[in-house]
Amino acid sequence: MAYSSLKIDIRREKILDMLRQEGRVYVSQLSKLLDATPATIRNDLSVLEKDGALERVPGGAVQPAQPAQTAPAALQIERAAEKRAIAACMAGMVQDGDRLFINSGTTALAVAEALKARRNLHIVTNSLAVATALGAEPSFRVLLLGGVINAYGFTSGGDAQEQLSRYRADWTVLAVDSVSAAGGVTTYHPDEAILNRQMIERACRTVIVADHTKIGRAGFARFHPADGSICLITDGAAEGPELARLEEKGVEIRIG
């Protein structure tokens, strides 16, 4: 399904998801990623600004100014409860001493927080947020992949790929844009899709962590089929028929 055919509310939700992750979005960037005209994106931003969800700036938008007293950023994540439940399920599968590859995204960050209950983990990540969350854990060894740092808070490119090729892991944990039986596993970012694919190839087991809004849709950059090589952890609101189709493809489904 092309982004241009997405319902307006889904497209605007994607804009807000990207804004929450990055703090700033650009019309040109959104137009390309969401396959919509710049005029359509500008209209979306205007509507969202009227709703108080963002603040327009030349060329794009930023997060609205927050009051001095606000909840921690981790608690402001949309569908935070669902993502915490998914993260807890993932952390319950990990044993002390395991080695993990973790990519970027708010669900990946929730997993990182849940993993603090474990000890002696070895973490390789391209996410600045994940590395920051886990880097202070005294029993953890955390490696942040070098490379090009982009506006989304993760590294990518040839340097990151070369460095990742030196390691193997017990687990690859991937937060994604969408998962469907027909479209496979996808992400917003083609650059990160390359790293995601490499993480899958170099780990014993791959777990996709995705809340119910990500299930049953096809996104921009496909990097893996929906098949028996992956486990999907989602929440209880995920659409049953699509989960059944994924299970028919061999995907292991767990509900957080």
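**Around Asp 235**

Modeller: Let's begin with Asp 235, which, leaving aside its neighbours within four places in sequence, is in contact (heavy atoms within 4.5 Å) with Glu 82, Ile 86, Ala 210, Asp 211, His 212, Ile 255 and Gly 256. A caution first: this is a predicted model, where local features need pLDDT of at least 70 and side-chain atom pairs count only at pLDDT 80 or more, while totals for chains, interfaces and linings use all residues. Residues are numbered from 1 along each chain as its sequence is written, and side-chain values use heavy atoms, with hydrogens and water left out.

Biologist: Why does Asp 235 count as buried?

Modeller: Its relative accessibility is 4%, and buried means under 20% relative accessible area, with exposed over 50% and partly exposed in between (1.4 Å probe, protein chains only). Therefore Asp 235 is buried.

Biologist: Where is Asp 235 placed?

Modeller: Asp 235 sits in the loop between strand 14 (230–234) and helix 9 (240–248). Helices (H or I, at least four residues) and strands (E, at least two) are DSSP runs, numbered from the N terminus.

Biologist: Which backbone nitrogen atoms lie by a polar atom of the side chain of Asp 235?

Modeller: That of His 212 is at 2.8 Å, and that of Ala 237 is at 3.0 Å. A polar contact is a pair of N or O atoms within 3.5 Å; within protein, one must be able to donate a hydrogen and the other to accept it, and residues adjacent in sequence count only if both atoms are side-chain atoms.

Biologist: What makes His 212 partly exposed?

Modeller: At 24% relative accessibility, His 212 falls in the partly exposed range. It belongs to the loop between strand 12 and strand 13. Not counting residues up to four places away in sequence, His 212 touches Arg 79, Glu 82, Thr 234, Asp 235, Ala 237 and Ala 238.

**Cores and helix 8**

Biologist: Which residues touch the most other members in the largest nonpolar core?

Modeller: In that core of 29 residues, they are Val 176, Val 179, Ile 208, Ile 215, Leu 232 and Leu 246. A nonpolar core is a set of buried Ala, Val, Leu, Ile, Met, Phe, Trp, Tyr and Cys residues joined through side-chain atoms within 4.5 Å. Two or more residues come from each of helix 7 (158–164), strand 9 (169–175), helix 8 (190–201), strand 12 (203–209), strand 13 (221–224), strand 14 and helix 9. Helix 8 gives the largest share, four residues. Apart from this core lies another of 28 residues, among them Met 93, Leu 121, Ile 123 and Val 209.

Biologist: How do you know that the span of helix 8 is close to the expected one?

Modeller: Helix 8 has 12 residues and reaches 17 Å from its first C-alpha to its last, against 16 Å expected at 1.5 Å a residue. The expected span is 1.5 Å times one less than the number of residues. The buried residues of helix 8 include Leu 195, Met 199 and Ile 200.

Biologist: Why are helix 1 and helix 3 called roughly perpendicular?

Modeller: The axes of helix 1 (residues 8–22) and helix 3 (residues 38–50) cross at roughly 75° and come within 11 Å. Axes are lines fitted to C-alpha atoms, for helices over the stretch in contact, and angles run from 0 to 180 degrees between N-to-C directions. Angles under 35 degrees count as roughly parallel, over 145 as roughly antiparallel, 65 to 115 as roughly perpendicular and the rest as oblique. Helix 1 and helix 3 are therefore roughly perpendicular.

Biologist: What is the angle for helix 5 and helix 6?

Modeller: The axes of helix 5 (residues 106–114) and helix 6 (residues 128–135) cross at roughly 10° and come within 9 Å, so helix 5 is roughly parallel to helix 6. The contact is made by Ala 108, Leu 109, Ala 112 and Glu 113 of helix 5 with Ala 129, Val 130, Ala 133 and Leu 134 of helix 6.
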